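The sequence and the structure are shown first.

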Amino acid sequence: MRKKECIAMLLAGGQGSRLGALTKYNAKPAVAFGSKYRIIDFGLSNCVNSGIDTVGVLTQYKPLSLNDYLGTGTSWDLDDPDGGLHVLAPYATETGGRWYNGTADAIYRNIDFISRYNPEYVLILSGDHLYHMDYNQMLAYHKQQKAALTVAVIEVTMEEASRFGIMSVDEEMRITKFTEKPKHPDSTLASMGIYIFNWSVLKSALIADHADEKSQKDFGKNIIPRLLGENKRLYAYRFAGYWKDVGTIDSYYEAQMDLLEDEPEFGIFDPNVRTYSNANSSAPHYIGKDGSATRSLVSNGCVILGKVNHSILSSDVTVEEGAVVEDAILLPGAKIGAGAKVIHAIVGEDAIIGPGAVLQGTDDIPVVGDRVRYNEGGEK
Amino acid sequence: MMKRMLGIITANFSGGELGSLTAERPVASLPVAGRYRLVDFPLSNMRNSGITTVGLITPYLYRSLMDHVEEGKAWQLSRKTGGLFVLPGSVYGLKGETDKFLLRDFIQNRAILDRSSSDVVVVTTSDWVYNIDFRDVLAQHNRTGADVTMLYKKDFRANVPGSQFLRMKDDGEVTAIAGTGSDCFLDAFIINRPLLLSFISWYGSVNHFDLVADIFRENMNRMKVYGYAFEGYAGVVSTLADYMQVNADFLSQDVRSQIFRVDRPIQTKVQDNAPTKYGDNAAVKNALIPTGCVISGTVEDSVLFRGVEIAEGAVVKNCVLMQHTKVGPGTVLDNVVCDKNVVIRADTHIAGAEGRPIAIPKNQEI
């Protein structure tokens, strides 16, 4: 294998259990987002747009739809024999098989994969974050600081801070303290879960951490504190753009409703930043004689015979005559029956809202899970 | 065992009356139905029929065609065994050629026929829109023991220039090919490969002959030719009015369900557009719209292509707007075809008539 300067390892094995019904058949990175995309598209597109041509995707939870979607990586121009996209699932060895047990363990178990490219740097990413970022700029910063590890950081509010890995930095942005999900945060500088490691540093940290039986094998809880303890050069890289971890139904819903603003903060319409996806071959969408679509996003394969307002329609959605869809997210293949009402709600992939049924959310956003049929009077 | 098929698509004629739409592109790469090019239909039909070797006979100006087809990836034709073969066509230029199956195109590309181990060759043009499984045609071809099986559509309107019609016995055996009639030839046929190779040898000195119009006619009594009645929707693009009609046909649920079949999908080159965005005052009725559009005005009875922008207060009716057409605020378009990258400024009124649309050439700003 030709030596690579930097390869990416994208963690895509988590369940995303807080997304509930949406991750019954899909791993979180494979959950549909923003009408045309699946969440993993953003991380993969960032890699490609940053010139990273070797990406290991670590899978574990419900990988079928994710594997199908990734294919050979051709949709992201990652079907490259000299690198490219590799799906890295847990595997058995002569001493037995086991699941990935923590983020650091997942990378540890793929040391062989990384080693064959003999990279200088390894970029660790999460497959479930929404953002556009040029990793080259972060890598340049990492080199300039002569860092062993650079962590991308974003300012959050004090209320949010206890959900994140929070760090304190000195005036040069060198990390002095790192606490994963602190109860009483003493800073609002949050880790985005994007790390650039010098490979030699990462490799020895992974091996040492693996030998530590008390370790939870987690980057935030174990690896970073270990390197801090060793007095390695750890730096924070400030990121100012849009970044979101859609961990909950509420944030998943809000992040998509934000796309309906006139100038959405998340620039999926920016012609200079392309987001690649494994687009389907569905026909253009059709809006019928009595149909309408206002303040909405619509993709291929949709047939709209009813009224759609302020909603996100993924591909191959059908809205039958007389149906009303408002403030809603309809995932790929969802079908809204004639005369049904879907307001302030999420309808899962290939789910069916029966004719005349009413699905109306209030403060809570009701979710009809993938492949579920919802009829008048409740789910069936 | 199923006989094996080799596909040949002739994409190098431009006999129609499409004006500026085919000034810089062959009919084969004319955008149609929102996100497709005409050549997508024969390519997808071949792919959906299990044909894995396809020769594409190209016109002299083939840039737009190759840009779209690439190496055939979208049709699983970028492959180790077989795949897409780009064949040079012998027609120089785009205009003035009406022959659809020039013998010299086959002579010039004889190697693909010689090397093939297929039993039959499926030959089609690229100006028709339909969805077919050629295996059904092949089954009839085998059953009748025909040398050639020609596809036709019953009671198809006869006003298309250059159309050919089949005269058949009750059992479907073709007795003549005529310039008038009601059983319109779909410009597609299956021929036994050895027979096609024989024609190439026999007629080598008169290579300006057309395989169908000249050679089939001349040999009609010496070979067994059957018609295959295609029952589904078929549309052909040879005039500007046809072009509007075929696009408008896709506004019918019936036509869409016949063309966009889950079991036989029409594939095209995939692009990474954002989803289409509808504004607060978008008023869209009976329209076919792909991704990448921004629609703030009124669109009725129209077909849009990728990246079209309709400003607030604009009204678009009975139109076909190709990729990246921009329609300014207050502008009214009726029965207009805009080629790619056309910009219509604010408060402009352009109206053609039904059956007589106005075509605005590529990259124009009005």
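A:C302 counts as buried, at 1% relative accessibility; here buried means under 20% relative accessible area, exposed over 50%, and partly exposed in between, with a 1.4 Å probe and protein chains only. The model is predicted, and local features need pLDDT of at least 70, side-chain atom pairs count only at pLDDT 80 or more, while totals for chains, interfaces and linings use all residues. Residues are numbered from 1 along each chain as its sequence is written, chains are lettered from A and ligands numbered from 1 in the order in which they are written, and side-chain values use heavy atoms, with hydrogens and water left out.

**Cysteines.** A disulfide is taken as a pair of cysteine sulfur atoms within 2.5 Å. By this rule the count over all chains is 0. For A:C47, the closest cysteine sulfur belongs to A:C6 and lies 8.5 Å away, which is too far for a bond. A:C47 is also buried, with a relative accessible area of 0%. A:C302 is likewise in no disulfide, and its nearest cysteine sulfur, that of B:C293, is 13 Å away.

**Cavities and a pocket.** Rolling a probe the size of a water molecule over the atoms shows where empty space is left. On a 1 Å grid over the protein atoms alone, a cavity is a set of points where a 1.4 Å probe fits but cannot get out; a pocket is an open set with protein on both sides within 12 Å along at least five of seven lines, and lining residues have an atom within 4 Å of a point. Grid points are joined across faces, edges and corners, and a volume is the space filled by probe spheres set on the points. In the residue classes, Ala, Val, Leu, Ile, Met, Phe, Trp, Tyr, Cys and Pro count as nonpolar, Asp, Glu, Lys and Arg as charged, and the others, Gly among them, as polar.

The number of cavities of 30 Å³ or more is 2.

| Space | Volume | Lining by class |
|---|---|---|
| Largest cavity | about 60 Å³ | 6 nonpolar, 3 polar and 1 charged residues |
| Second largest cavity | about 50 Å³ | 5 nonpolar, 3 polar and 2 charged residues |
| Second largest pocket | about 1,100 Å³ | 12 nonpolar, 18 polar and 9 charged residues |

Among the residues that line the largest cavity are B:F41, B:P42, B:N45, B:W128 and B:D187. Two elements of chain B, α1 (40-48) and β11 (184-192), each give two or more residues to this lining, and α1(B) gives the most, with 3 residues. Helices (H or I, at least four residues) and strands (E, at least two) are DSSP runs, numbered from the N terminus. The second largest cavity has 10 lining residues, of which B:K100, B:W128, B:G162, B:S163 and B:D187 lie nearest its centre.

The second largest pocket is lined by 39 residues, and A:T103, A:S126, A:D128, A:K181 and A:D218 lie nearest its centre. In chain A, the elements that give two or more residues to this lining are α3 (103-108), β8 (121-126), β13 (189-198), α8 (219-229) and β15 (243-245). The most come from β13(A), with 4 residues.

**Helix α5 of chain A.** Within this helix (residues 135-144), A:Y135, A:M138, A:L139, A:Y141 and A:H142 are buried. Seen down the axis of α5(A), the buried residues fall within an arc of 160 degrees, so they line one face of the helix; the arc is that of the directions from the helix axis to the C-beta atoms. At the start of α5(A), a side-chain oxygen of A:D134 reaches to within 2.9 Å of the backbone nitrogen of A:N136. After α5(A) comes A:K146, with a positive phi near 50 degrees.

**Loop and strand residues.** Most residues other than glycine have a negative phi, and most peptide bonds are trans. A:N118, in the loop between α4 and β8 of chain A, has a positive phi near 40 degrees and is partly exposed, with a relative accessible area of 42%. A:H344, in the loop between β26 and β27 (346-347) of chain A, has a positive phi of about 55 degrees.

A:N110 is placed in the loop between α3 and α4 (111-115) of chain A and is buried, with a relative accessible area of 5%. Its side chain makes a polar contact with the side chain of A:Y100 at 3.0 Å; such a contact is a pair of N or O atoms within 3.5 Å, where within protein one must be able to donate a hydrogen and the other to accept it, and residues adjacent in sequence count only if both atoms are side-chain atoms.
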